[in-house]
Amino acid sequence: MQPQRGREVPHSLPGPIGKRRRLQYLCSARRKRFDTGNALAVSLLVAIGAVLRAPLLHGGFWRDEASTYYEVTAHTVRAVVGMVARGELNPPGFFVVEHGWAMLSGSGEIAMKLPSFACSLALIPVTYALAGSLLSQRGAMLAAVCATVSPTSILFAAQARPYAMAALLVGLAMAAYAAALTRVGWRRPLVASTVLFAGALYTHYTAALVIGLLSCGTAVILARGGQRSGIVSIAFALAGIAALFVPWIPAFVRDARIGLPWSPRTTAGTFLAATSDNVTSLMPLASHHSQLGIVLAAALVGFGGAALFGRRRSQSRRHDVIVVFGCCVIAGAAIEALSSMREPRFMFVFAACAWTWFAALIDGAIAAVARWKGPARMAAAALTAGLILGLIPKERDARLIVPLAESGVPALAPTLEDLGRRHRTLYVVAPDYIGPTFGYYVGESTGVRAVGFARWRDPQLFRPAGYLALWTAPGLVHSAERRIAFAMQSYDRLCLLRDRDERDSGLVPFSRTTELIMWLRVHYREVRSTSAFGREESVTMDEFASKRCTVPPTSAHCPCQALNGRGLRYGGPASRVMSVC
């Protein structure tokens, strides 16, 4: 029985009853002060996170975000879902929310980034709550600090893409899952985690990997504890998630068949490095490709394995949940590496459980060092300081948290618009995936439409279906040459906007763009070339002036015949092939 608010502490009650009441009152007051201090600390971390993320809101769009613009600005929710089904390899949850937000706030760059910004900030207190249900207050605060300063979280907070929202929903589902396993009343948290996991699955497909790994780990925990009824409950929860996801299963199967042909393939020699990159992408480092990150990843794997196989019966269910979190992070990183998903955007759904696991290991290390005495403690402090000082020069040039422009297209947009005003200009984007960025920054303001290589029509609307077959077609370059030559009969300038990185990516031979550039330089006079750099998209603008060849196409002296041996004929017998004079 606790004293009522406003009354004094009952000091005068005799015997053990008076002592118990005084102790209850003092513990309650101390808990209130402690909770208030933690709330203020988490609020301060959220404010710091907002300061770290806000500069990146002015970075503009790149091709993926420009695709989001075209998909969410459809007139109805049904049209948005249709656009996502045709132009994305993601489910429609985020885009429907973004559509509703755009209806209220507009479709400007900063406005469209704000939902991801808010989700990234909300992920800080959610991570704190998740870690607080499993760890000490110090461990919970360490997890919140990881969520605040993580470069990956800072980066995705300023992208109009579903990654931050998916991580937030998975974090909320993880918190409900932890409550279901560690509390007596488990039914409501389990239902909540089912609904939240289904929402995460409607936001990003990689949530399915989290659900599958977490279910396997939970089944192992319950089987070792002799709780067979709990396994049945997990099975019902999985059935509920599948039932909620049934309407989108046909689109999911189609997207799975398309896959990610443009992602670099993982080989046996690169598997360990890919797995390490996936794990360390969630660490609070300036760059997840550092050597120190690889060492830390190996240490975490070792600690996680020791904790898993060295479990004692005296350890609690909370310890089991943390071990499951660590195994999910490592297994998820390995599976995604095998699937050639070696990018932080695929791993970010594991963010909340990864940060909780990191915090548990760091908290355990701090507690172990605190028990050391004298020279051992000083040696541990010196080693920690040496690691931090060694990290700084290696990560000095890391660019994840530097407010750079996402794409180079906005810097070239005034030049592109001025070229269109002065000349009749044919705009070609190569490869065609630059089309969404060009369409947003140039096409929407001037009404100009570009053509693409390899997808000729409407390159601003990305279509993954048949993309690999389009790029590997034998007559791709020849078809583009014919189309450009025919179209240039009505223009006096050709503007080629191309990606500076013309290498093949995965199975897609983007290097075929080089063949088209060589053909253009032979057939047209290059006027100028200008480059602009961005974090995700660096581009070059090549301006060509058309000049018609005065040599008959049947002549052996025609440079076009010498180039490809076939010549390009349009119109009647008097037609001429365009080339440099």
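## Before you click

This is a predicted model, so a few ground rules: local features need pLDDT of at least 70, side-chain atom pairs count only at pLDDT 80 or more, and totals for chains, interfaces and linings use all residues. Residues are numbered from 1 along each chain as its sequence is written, and side-chain values use heavy atoms, with hydrogens and water left out.

## Stop one: ring pairs

Select Tyr-163: it is buried, with a relative accessible area of 2% (buried means under 20% relative accessible area, exposed over 50%, partly exposed in between, with a 1.4 Å probe and protein chains only).

The structure holds 23 aromatic pairs. To pair, rings of Phe, Tyr and Trp (its six-membered ring) need centres within 6.5 Å; planes under 30 degrees apart are stacked, over 60 edge-to-face, and the rest tilted. Phe-156 and Tyr-163 have ring centres 4.9 Å apart and planes at 50 degrees, so this pair is tilted.

Now select Tyr-427 and Phe-438. Their ring centres are 5.4 Å apart with planes at 45 degrees, so they are tilted as well. Tyr-427 sits in strand E1 (residues 425–430) and Phe-438 in helix H20 (residues 435–446), so the pair ties together parts eleven residues apart in sequence. Helices (H or I, at least four residues) and strands (E, at least two) are DSSP runs, numbered from the N terminus.

## Stop two: helix H20

Stay on H20. How many of its twelve residues are buried? Nine of them, so the helix is mostly covered; among them are Pro-436, Tyr-440 and Val-442. Show the surroundings, and you'll find the buried residues packing against helices H2 (63–72), H5 (109–132) and H19 (409–422), plus E1 and E3; contact means heavy atoms within 4.5 Å. Just after H20, look for Gly-447, with a positive phi of about 80 degrees.

## Stop three: the sheet

Colour the five strands of the open, mixed sheet, in the order E2-E1-E3-E5-E4; two strands pair if DSSP finds at least two bridges between them. The edge strands, E2 (451–452) and E4 (525–532), each pair on one side only. E1 and E2 run parallel over two bridges, and Val-429 has Gly-452 in E2 as its bridge partner.

## Last stop: a ring cluster

Finally, select Trp-262, Tyr-433, Phe-453, Phe-462, Tyr-467, Trp-471 and Phe-510: ring pairs link them into a cluster.
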